[in-house]
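Visitor: I am new to protein structures. Please take me through one part of this one closely, and tell me how that part sits in the whole.

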Amino acid sequence: MKAKGAVLFLAMISLAAALPARSQDGITMTTPVFGQIVSYQLPAGFQPRYEDANDHAYLQEAVPAGETVTNWSQMITMTGVKDAEGQAQTLEGAARVLAGHYQQACAETFTGTSFGATEINGLTGLVVFLGCGTVAPAEEGQDARSEAAVIVYVKSDFGYITVQWAERGPPVAARPVYDIDTWKPRLAQLLPIRLCDAVDGEAPPYPSCNAQP
């Protein structure tokens, strides 16, 4: 979801319904990002399709087999944001920026929910749900769509990372609703999320990180 930023308050509800037990399905992704190793679970059926990085941000995208990063029904995205100057001093501040992107794209059908601060595998984290009932086509020939995502924020030494699961569908007039039966199992498939310091000379798949309990 791409749009200019805006600030939005995210309503707080119980986290107990949001964070499930970890899942053993899929494969473990281990990626060096700004001197740390980011480890998370890529669900079965998804394939990495795109990677990009600059001095300030890292991006990794995966979609179901047969889909592309421009034409997808679901997408798993991992990002790393370098925040040495503390521009997003809290994870809540970073979440509001992304929420603003959604809100700008669908002011009438936007929804944003934060489950509040939490601990994810010993790390400071935050989980949010964002959605748009109707997103107008960005280019001629494209169709309107709905879009919703669960995003896990984790504080890192360099700033923060996000791991998100997004889904697109037909446009609807209503604001998307967090459905626990849909999104709780998806959250389970992304866990555990780990951040480890890179070890000199260690090559992928970075066993020192994934050997941790």
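Guide: The protein has 3 helices and 11 strands. This is a predicted model. Read from the N terminus, the elements run β-β-β-β-β-β-α-β-β-β-β-α-β-α. The chain has 213 residues, and 47% of them are buried. Take the contacts between residues at least 6 apart in sequence: 61% of these join residues at least 24 apart. The accessible surface is about 10700 Å². Carbon and sulfur atoms hold 52% of that surface.

Now for the close look. The part to study is helix α2, with what lies around it.

Start with the side chains of α2. W183, R186, L187, A188 and L190 are buried in this helix. What do the buried residues of α2 pack against? They pack against β3, β6, β8, β9 and β10. In residue numbers, β3 is 36-42 and β6 is 74-82.

A pair of aromatic rings is described by the distance of the centres and the angle of the planes. F115 sits in strand β7, residues 110-120. Y178 sits in the loop between β10 and α2.

Compare another pair, Y153 and Y160. Their ring centres are 6.1 Å apart and their planes meet at 40°, so this pair is tilted. Y153 is buried, at 2% relative accessible area. Y160 is buried too, at 12%. The count for the protein comes to 6 aromatic pairs.

W183 also leads us to a pocket. It is one of the residues nearest the centre of the second largest pocket, along with A148, E167, P176 and V177. The lining has 14 residues. Which elements give two or more residues to this lining? They are β8 (123-135), β9 (145-155), β10 (159-169) and α2 (180-190). The lining divides into 7 nonpolar, 3 polar and 4 charged residues. The space in this pocket is about 180 Å³.

Next, follow the chain past the helix. The peptide bond from L191 to P192 is cis, with omega near 0°. P192 lies in the loop between α2 and β11, where β11 is 194-197. Further on, the bond from P204 to P205 is also cis, with omega near 10°. P205 is in the loop between β11 and α3 (207-210). Y206 is found in that loop as well. Y206 is not a glycine, yet its phi is positive, near 55°. Y206 is buried, with 10% relative accessible area.

F34 has a positive phi too, about 50°, and is not a glycine either. F34 is in the loop between β2 (27-33) and β3. Recall that β3 is one of the strands the buried residues of α2 pack against. F34 is partly exposed, at 29% relative accessible area. F34 is also in contact with D55. The C-alpha atoms of these two residues are 8.8 Å apart.

Terms used: Residues numbered from 1 in each chain as written. Predicted model: local features only at pLDDT ≥ 70, side-chain atom pairs only at ≥ 80, totals over all residues. Heavy atoms only, no water. 1 Å grid on protein atoms, 1.4 Å probe; cavity = no way out; pocket = protein on both sides within 12 Å on 5 of 7 lines; lining within 4 Å. Points joined across faces, edges and corners; volume = space filled by probe spheres on them. Helix = DSSP H or I, 4+ residues; strand = E, 2+ residues; numbered from the N terminus. Nonpolar A, V, L, I, M, F, W, Y, C, P; charged D, E, K, R; others polar. Buried < 20%, exposed > 50% of the residue type's maximum accessible area, 1.4 Å probe, protein only. Contact = heavy atoms within 4.5 Å. Areas by Shrake-Rupley, 256 points an atom, 1.4 Å probe, with all protein chains shown as cover. Phe/Tyr/Trp six-rings, centres within 6.5 Å; stacked < 30°, edge-to-face > 60°. Lists of a residue's contacts leave out its neighbours within four places in sequence.
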